[in-house]
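Dear colleague,

I am passing on the structure below, together with some notes on one strand and its partners and on the aromatic rings. Please read them alongside the coordinates.

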Amino acid sequence: MQAPQYDAEKRPITAGGFVKSGPVIFEDVSEQAGLTKWTHTMGTPVKAYLVETKGSGVGLIDYDNSGWLSIYVVNGSTVDALTGKVTPPHAALFRNNHDGTFTDVAAKAGVTNDRWGTGVAIADFDNDGWPDIYVSNVGKNRLYRNNHDGTFTDVAEKAGVELGNWSSSATWGDYDGDGRLDLFVAGYLHWDWNNLPAAAGASTNAFCTFRGEAVACGPRGLKGEPDHLFHNNGDGTFTDVSEKAGVADKPGYYGLGALFVDINNDGKPDLLVGNDSTPNYLYINKGDGTFDDVSYASGYAVNEEGREAATMGIAVGDYQNNGLLAIFDTTFSDDYKPFYRNEGNANFDDVSHQVGLGDVTVPFLSFGDAFLDYDNDGWKDLLMSDGHVYPQADKYPSWGTSWKERPMLFHNLGGKTFETVPAVEGTGLADVIAGRGMAVGDLFNNGKLDAVINVMDGHPVLLRNVSPDHNHWLELKLVGGPKSPRDAVGATVYLTANGMRQREDVLSGGSYLSTNDPRPHFGLGQAAKVDDIEVHWPSGKVEHFKVPGVDRIVTIKEGTGK
C-alpha cells in the first residue's frame, strides 16, 4: 500500500497540494451561474449505509432546441422523504439563459423525479428531434419524454423500462442497427429497505470495515442486481432482451459505469460495463442481436496487476489520434486508476503507470471522468471528479485521504504521457468537494469545454474553462437520417486538420452516472482551416463534409455530404 501523501501544511494531498501561481484552467462560477441555490441530498451525513454514499449524476441537454446546453442534476433522497414524512428533494433542470446564468425549471418541466436518484442518460429515443431523459433510481426508474414545449412526461411504466431496485448508470445505443436507440441499464445492489445490512459500526464483518475502522457495509457480501438491455420497439415500448443478447450479468456483479461505444471500429456499438469490486465487462456486438463477452480476453476485466478494481466511471477517447479508443476508469482510494490503451481488435493494455496516471491517482477516490481537449491543442486531456465514500476519512489522518477532495486534470503530451496540471489556489481545480457524477461540454458556446460536477450533499459545481490558449476549434451538431437515430448517437467523426486526424464519437452515457455534451468537439491548435470531416453514421453510411470555417458550431445532416 502506498504511503500517505501530505502537503507542506500537513493536509492529505487529496485536499491540498495547491500552488500559488500557474496556468488557470478552470474558474468556479457556480454562484454567479445560479447553481448554488440547489442542494444535493442523500441520506444522513453519517452515511451509515452504502446507499447514502454513492451520489448522483449530471446530464447536459439542449432540451428546448435553443442551441444552448442546459444542466440536469439528479438528486438523492432520504428515508423520511421516501416514507412521506418530509418533502422529497427534487432534481434540478437548470435552463441556460444564454448569458452565463441558469434558472431551475425542473418543477415547471415536470422532471423533479422525487425518488432516490442515481444516474441520467440523455438521448432522443423516439426520433422526434427532441432529447429525452432517462433517470435511474434506487427504486423505479423514469423515462421523461420531451413534449416540445418545455415540459416532459414520464412514460417509463408504459415503455416497460421502470425496473424497481438499485439501477446505476444507463446508456443509449442502437445495438441492432434498426435506427432506433436501445437502452442499457446497469444494476448495482439488490437493496431491501426492510432488510438493511448492519449500519456502520454495528458489525464486525470484514465487508463493513476499511483499514480496520467501522464503515458502511458493502458492496462485497451483498447481493448484486442484474443488468438490463431494453430493445426499442419503435412504438414507445421496449422489450427486455438481456438474456437473449447475453448481457444479463449472470454472476451478479456490482455495475456502476456503462457505455455503448464502438470499441473495435466495425461500425456497431459495443458495450462497456464498469463493476465495483468485481471484474469489468466488455461485450463485443456480433451484429446478430447478441454480444460476445470478451472481458478477460480483451484485458479489460481486470487491471495490470490482474485484480478487479472498484470501477466507478468510464471515459473513452482517442488520446493518441490514431483512431483507436482508449478507456480510462475511475476507482477507489488506495488504488491507481487503470488506463487501458487500445492495441486494436478490442485488445487492451493497462498502461496507467507508463503514461503518468499511476501513483499520482492512488490517494484519490474518483467518480466522474472524461477525455476533453481543454486547451484546444488537438490532443485529448483527462479530467476526473473525486470524493470519498466514508466520512470517517477525515477522522483518521493516517489514511492520507479525505471526505472532500479536489478534481484532477491531466494534460496530454502528444499522445505519449499525461502530466498533472497544478491546482492553483482559488481556482476550480482547488475546489475541495465531495465530487460524484460529472459531465463536460461547451456550456457557453465559446469553443471551450467546461465541466459540471454533482456534489454529495452540496451544490453543483460549474467549472468554467478559462484556459488562456488562443487555439482554434470546431464543434459539430449531427443529425441522423431515416436509417440512423435522429440525434446520431453512435456516429463516429474523423476530422483532419493541422496534419492530425482526430476522432470523436456521439455518445449517451459514460463518466459516472452522467451524460456529456453530444456535440463532437475538436481542438485545432493553430490550424485556421479543416481539411476533411469524415462521418461514419450509425446507418453504416460514410460521408465527407466541408465546413465554411473554424471557431464555430456547425450542423451536419446525414445525406448531405459526399
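In this predicted model, Leu383 of strand S25 is the bridge partner of Ala370, and that contact belongs to the antiparallel pairing of S24 (residues 366–372) with S25, which runs over five bridges. S25 also pairs in the antiparallel sense with S26 (residues 408–413), here over three bridges, and in this pairing Leu382 stands opposite Phe410.

The strand itself, residues 381–386, is mostly covered, six of its six residues being buried. In a regular strand the side chains alternate between the two faces of the sheet. In S25 both faces are covered, with Asp381, Leu383 and Ser385 buried on one side and Leu382, Met384 and Asp386 buried on the other.

Turning to the rings, the count of aromatic pairs comes to 26. One of them is formed by Tyr300 and Tyr340, with 5.0 Å from centre to centre and 70 degrees between the planes, and is edge-to-face because that angle is over 60 degrees. This pair links distant parts of the chain, since Tyr300 lies in the loop between helix H6 (295–298) and strand S20 (314–317) while Tyr340 belongs to strand S22 (residues 339–344), 40 residues apart. Both Tyr300 and Tyr340 are buried. Elsewhere, Trp116, Trp166, Tyr188, Trp191, Trp193 and Tyr254 form one aromatic cluster.

Two arginines also sit over rings: Arg464 lies over the face of Phe444, at 3.7 Å from the ring centre, and the charged end of Arg501 is placed over the ring of Tyr494, 4.0 Å from its centre.

With best regards

Key. Residues numbered from 1 in each chain as written. Predicted model: local features only at pLDDT ≥ 70, side-chain atom pairs only at ≥ 80, totals over all residues. Heavy atoms only, no water. Buried < 20%, exposed > 50% of the residue type's maximum accessible area, 1.4 Å probe, protein only. Helix = DSSP H or I, 4+ residues; strand = E, 2+ residues; numbered from the N terminus. Pairing = 2+ DSSP bridges. Phe/Tyr/Trp six-rings, centres within 6.5 Å; stacked < 30°, edge-to-face > 60°. Lys NZ or Arg CZ within 6 Å of the ring centre and 35° of its normal.
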